[in-house]
Amino acid sequence: MTRRFVVQRHRARRLHYDFRLEVAGALASWAVPKGPTLDPKVRRAAFHVEDHQLGHADFEGVLPAGQYGAGDVIVWDNGTWEPRDRDDPAASLAAGELHFDVYGEKLRGRFVLIRTRPATDEWLLLHKRDEYAVDGWDPEEHPRSVLSGRTNEELPH
Ligand code: MN
């Protein structure tokens with residue numbers, strides 16, 4: 001089965017990247033303030049947030065002032081993903097640890113999500129050292145949408 005993966009760069013009150021994995025017909029979602037990276041030495045804080053509908057994976061645009069998440073959103077990366085620990089990602093997430101491979105345009109290779117603080121649903125997102133790992137890789141140096149080629153700043157506001 002093919003599972004969708006998307007990362008949206010979202011300039012809301014604070015910049016963050018919304019990292020989303022299709023699980024059981026919805027997009028399981030984490031807000032990653034510093035964004036995902038291919039650097040295997042880096043662990044990113046990832047705050048588990050509410051599931052989004054699958055259709056949101058293609059959303060790019062401006063959320064008006066006054067609305068939750070007001071700000072601009074680009075589809076920063078997308079593609080597919082596969083679980084690597086067992087073929088039941090919902091159970092892996094419930095257990096607080098998911099190992100997976102991502103096949104995006106920017107992100108590639110083996111990632112891990114680990115729940116570190118169950119009380120606040122805080123996780124860590126990290127990239128394993130594999131053939132896709134790149135030391136020092138910074139998502140902010142790759143700012144364009146994979147759908148439109150635009151940056152957040154270039155969206156019509
Ligand atoms: Mn967001």
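Trainee: How do the residues of the lining of the largest pocket divide into nonpolar, polar and charged?

Mentor: This is a predicted model, in which local features need pLDDT of at least 70 and side-chain atom pairs count only at pLDDT 80 or more, while totals for chains, interfaces and linings use all residues. Residues are numbered from 1 along each chain as its sequence is written, and side-chain values use heavy atoms, with hydrogens and water left out. A pocket, on a 1 Å grid over the protein atoms alone, is an open set of points where a 1.4 Å probe fits, with protein on both sides within 12 Å along at least five of seven lines, and its lining residues have an atom within 4 Å of a point. With Ala, Val, Leu, Ile, Met, Phe, Trp, Tyr, Cys and Pro taken as nonpolar, Asp, Glu, Lys and Arg as charged and the others, Gly among them, as polar, the 21 residues of the lining divide into 10 nonpolar, 6 polar and 5 charged.

Trainee: Which residues lining the largest pocket lie nearest its centre?

Mentor: Strands, which are DSSP E runs of at least two residues numbered from the N terminus, contribute to this lining, and β2 (15-23) and β4 (43-52) each supply at least two of its residues. Those nearest the centre are His10, Ala12, His16, Tyr68 and Gly69.

Trainee: Which residues are the protein donors of the manganese ion?

Mentor: Donors here are N, O and S atoms within 2.8 Å of the metal (3.2 Å for Na, K and Ca), and water is not among the atoms, so sites may look incomplete. The donors follow the spacing H-x5-H-x1-D along the chain, and two of the residues concerned, His10 and Asp18, are buried. Lying 2.1 to 2.3 Å from the ion, the donors are His10 (ND1), His16 (NE2) and Asp18 (OD).

Trainee: Is Asp72 buried or exposed?

Mentor: Asp72 belongs to strand β6, residues 71-83, and its contacts (heavy atoms within 4.5 Å), apart from residues up to four places away in sequence, include His10, Asn152 and Leu155. Because its relative accessibility is 3%, and the classes are under 20% for buried, over 50% for exposed and partly exposed in between (1.4 Å probe, protein chains only), Asp72 counts as buried.

Trainee: Which backbone oxygen lies 2.6 Å from a polar atom of the side chain of Thr37?

Mentor: Thr37 sits in the loop between β3 and β4 and, with a relative accessible area of 4%, is buried. A polar atom of its side chain lies 3.0 Å from the backbone nitrogen of Asp39. The backbone oxygen in question belongs to Trp137.

Trainee: How far apart in space are Val134 and Leu38, C-alpha to C-alpha?

Mentor: Val134, found in the segment after β9, is in contact with Leu38, Asp39 and Pro40 once neighbours within four places in sequence are left aside. Although Val134 and Leu38 are 96 residues apart in sequence, their C-alpha atoms are separated by 5.4 Å.

Trainee: What is the phi of Ala24?

Mentor: Most residues other than glycine have a negative phi. Ala24 lies in the loop between β2 and β3 (26-32) and counts as exposed because its relative accessibility is 79%. Its phi is positive, near 50°.

Methods
Helices (H or I, at least four residues) and strands (E, at least two) are DSSP runs, numbered from the N terminus. A polar contact is a pair of N or O atoms within 3.5 Å; within protein, one must be able to donate a hydrogen and the other to accept it, and residues adjacent in sequence count only if both atoms are side-chain atoms.
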